[in-house]
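Subject: Structure handover

Hi,

Here is the structure I promised you. Please open it and keep it on screen while you read my notes.

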Amino acid sequence: METIQSHIALLPSPGMGHLIPLTEFAKRLVLHHNFLVTLILPSDGSPMSAQKSYLQSLPATITPIYLPSVSFDDLPEDTRVETRIALTISRSLPAIHDALLQLLITKPCSRPISALVVDLFGSNAFRLARDLNMSSYMFFTSTAMSFSLLVHLPKLDQTYTCEYRDLTEAVVLPGCVPLLGKDFLDAIQERKNDAYKLLLELCKEYGSADGILINSFVELEFGALKALKEEGWFKPPIYPVGPLIQTRSINEVVPESSDCLEWLNNQPTKSVLFICLGSGGTLSQEQINEMAFGLEMSEQRFLWIVRSPHQTAANAAFFTNKSVNNPLNFLPKGFLERTKEKGLVVPSWAPQIQVLSHGSTGGFVSHCGWNSVLESIVHGVPLIAWPLYAEQKMNAVLLTEDLKAALKVKADKIGLVGREQIAKLAKDLIQGDEGKDVRDKMKQLKDAAARAFEPDGSSSISLAQVAQKMSVLKTK
Ligand code: UDP
């Protein structure tokens, strides 16, 4: 006799940084809790080849539904990425409703869907779930500290009238390291901007979820998670279920980007500094020059994933993951020739998980996207925190000031990180005394992350609890 499987729908908003953790969560549910999962995928019409490759590698128990793309013809050129992401979801709500309705029709071997899981941009879909008698959950893809900031945002909005970056005193969120307003996530830095208003509205919905899953773990963010669970005023139960990272690389299906793994095979143990700024991070031309000269001066081995410089925004490649021009053309003259014994430069994209798990990798210059941070922790690779956009400055504060698992770059008045500093940090992290504590701390975090997913580990227990709750069909 076939068992009846639980069936839920996940709604990731655009961006690999949202898709990957939600899908990894789906894989866990399928593998360990006998679920069927449908991924409902809204689109703004951008080419998403990395996304498609990733989805092609999924097991048959996870089915994608691609929604028709929404139009942004009415938006001004300078519309923020966060506004575009939020609008992709809100403009897709009728299509999401139709998809959910279809999924409610019982299939022979599965129950009708019992729950909808969204990410931080999807909370306005909770009402669709409620109307269709499903429970609604949020999978928060970043830190408990960032989640705490967002749930406190309506209160902060009432308390302060100035821009948060102008606050003279640090804000102390319960259980968290003090935060300066200038380090708050980008999307809330301009209160008149639509991105702020949209996010504020979305945050107000968070409290109506049946549960909040956070891609973090108790041993990593003990204080923030404890405070969220115990504070009393925030009703939904909190489930720390991380670190959920890619178990199968996007690049297994993009073999041409794997040359760097062969190069790594020929380098000494823990000797290589890996530089990769996420799926959308870009540097200015001046910063590319400083990075190049800094790496050269450091005399360390390096693997640098380079993108063409941006003119306007550090997240210029967010929707495409691609550089428009050949990025190698933007390196200083003679750099590749002079450093060919020590370094490898790869345009645009690398198999990051395999690089981080490779024995030759000894450090990681990261933009502190939370997936990259978790991937580094799982593989015990110490970090240089180089935050660029979104909530990355907050992640860098957590890593450097609370966890002490990363060295941090310090930009000058015009926002440039100089070559001398880059050279020093690279040396310190890979082999210097100054980097020893950070290297040791990363080893401890790696062990703690592994323990969280042992059968009786904190995240395994949380996952089992929430899976059980999600599988229950609501009664009318
Ligand atoms: N990634 C990758 N190769 C690259 C750049 C990024 O495989 O060259 C993956 C990385 O492993 C991570 C994700 O893309 O899983 C990026 O997510 P993150 O949260 O770090 O940053 P975001 O791209 O959302 O800013």
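At what angle do helix α9 and helix α14 pack? The angle between α9 (residues 285–298) and α14 (residues 419–430) is about 45°, and their axes are 7 Å apart. That makes α9 oblique to α14. The crossing of these two helices is right-handed.

Before the rest, some ground rules. This is a predicted model, where local features need pLDDT of at least 70, side-chain atom pairs count only at pLDDT 80 or more, and totals for chains, interfaces and linings use all residues. Residues are numbered from 1 along each chain as its sequence is written, and side-chain values use heavy atoms, with hydrogens and water left out.

Now the terms for helices. Helices (H or I, at least four residues) and strands (E, at least two) are DSSP runs, numbered from the N terminus. Axes are lines fitted to C-alpha atoms, for helices over the stretch in contact, and angles run from 0 to 180 degrees between N-to-C directions. Under 35 degrees is roughly parallel, over 145 roughly antiparallel, 65 to 115 roughly perpendicular, and the rest oblique. A crossing is left-handed if the near helix is turned anticlockwise from the far one by less than a right angle, and right-handed if clockwise.

Next, the ligand. Look at the polar contacts (pairs of N or O atoms within 3.5 Å). A backbone N or O atom of Ala350 lies 2.6 Å from a ligand nitrogen. A side-chain N or O atom of Asn371 is 2.8 Å from a ligand oxygen. For the side chain of Glu375, the distance to a ligand oxygen is 2.5 Å. Alone, the ligand exposes 530 Å² (Shrake-Rupley method, 1.4 Å probe). The protein buries 96% of that.

Last, two backbone details. Most residues other than glycine have a negative phi, and most peptide bonds are trans. Asn34, in the loop between α1 and β2, has a positive phi near 55°. Gly242 and Pro243 are joined by a cis peptide bond, with omega about 0°. Pro243 sits in the loop between β7 and α8.

Best wishes

Note on methods: A polar contact is a pair of N or O atoms within 3.5 Å; within protein, one must be able to donate a hydrogen and the other to accept it, and residues adjacent in sequence count only if both atoms are side-chain atoms.
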